[in-house]
Amino acid sequence: MSKLEQILVLDPPCDLKFKGPFTDVVAANLKLKNPSDRKVCFKVKTTAPRRYCVRPNSGIIDPGATVIISVMLQPFEYDPNEKSKHKFMVQTIFAPAAITDTEHMWKDVRPDELMDSKLRCVFELPNESDKVNYVDAATKAAPAIGSSKVDSLVAPKPTSGSLDDSEMKKVLEECKRLQMEVGKLNEENRHLKDEGLRLRKSQRSDYRTTNSNSLIGRESTASSLPSLLVVMAAIFIGFFLGKFIL
């Protein structure tokens, strides 16, 4: 049996483009439109799950409706000579009449019921004109709140039907917060390692000090024995001499 053709209309259809710089989170939108008269379940997969944050990554699209998928690329060191091998796949299936558990539905779906579309990721650096626009936008936004300048460079303004500004900002802030927590955990791990080394060195030093004190105590005890014998001998001699004289 031939494979079913994808029922959803994807925009963009083939490439997900991410425009740098990539020192912060970069977002791209993917539109999924359902032109049919039936509900469609979708799921978004990627070959690099640790590099991307996808919201939403699954759901149900009503007939004639459109869903905007926000794909957020995590910061990384960009190498223009390295080609991106990251890919995304949108899997879809017509929703059953009485759907209650989508997770169970995806596990039991038959291969001949699946429809899918694949997209490749494209990384682009901003050209000179874009850089000028960035500078102008930052200059105009100077009287406003300081954080708005940074957000205007990171998150592109969503188009109609996409995530609203507040929701997008929350997702970006959550990504930044997780990155900061990872950095703090790494710092605490290094601190614990240094503290463990310091304690081991301190224990070895205490052990040497204890052994030295014990050795000195034994030497002082040994040296006091001859003096004690001399005193005892003098007492006995004096006792016998006094007895002899009497």
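Biologist: Ile68 first. Buried or exposed?

Modeller: Keep in mind that this is a predicted model. Ile68 counts as buried, because its relative accessibility is 8% and the cut-off for buried is under 20%.

Biologist: Where is Ile68 placed?

Modeller: In strand 7, which covers residues 66-73.

Biologist: And how many Å separate the C-alpha atoms of Ile68 and Pro56?

Modeller: 8.3 Å. Along the chain, those two residues are 12 apart.

Biologist: Switching to rings. How many aromatic pairs does the count come to?

Modeller: The count is 8 aromatic pairs. Phe22 and Phe76 form a tilted one, with 5.2 Å from centre to centre and 40° between the planes.

Biologist: Which parts does that pair tie together?

Modeller: Two loops. Phe22 lies in the loop between strand 2 (15-19) and strand 3 (26-33), and Phe76 in the loop between strand 7 and strand 8 (87-94), so the pair ties together parts 54 residues apart in sequence.

Biologist: Is Phe22 buried or exposed?

Modeller: Buried, because Phe22 has 3% relative accessibility.

Biologist: Which residues do ring pairs link into a cluster?

Modeller: Phe18, Phe22, Tyr52, Phe76, Tyr78, Phe88 and Phe123.

Biologist: Now charges. What lies over the face of Phe76?

Modeller: Arg51 does, at 4.6 Å from the ring centre. Phe94 has a charge over its ring too: the charged end of Arg38 sits there, 4.2 Å from the centre.

Conventions:
Residues are numbered from 1 along each chain as its sequence is written. This is a predicted model: local features need pLDDT of at least 70, side-chain atom pairs count only at pLDDT 80 or more; totals for chains, interfaces and linings use all residues. Side-chain values use heavy atoms; hydrogens and water are left out. Helices (H or I, at least four residues) and strands (E, at least two) are DSSP runs, numbered from the N terminus. Buried means under 20% relative accessible area, exposed over 50%, partly exposed in between (1.4 Å probe, protein chains only). Rings of Phe, Tyr and Trp (its six-membered ring) pair if their centres lie within 6.5 Å; planes under 30 degrees apart count as stacked, over 60 as edge-to-face and the rest as tilted. A charge sits over a ring if NZ of Lys or CZ of Arg is within 6 Å of the ring centre and within 35 degrees of the ring normal.
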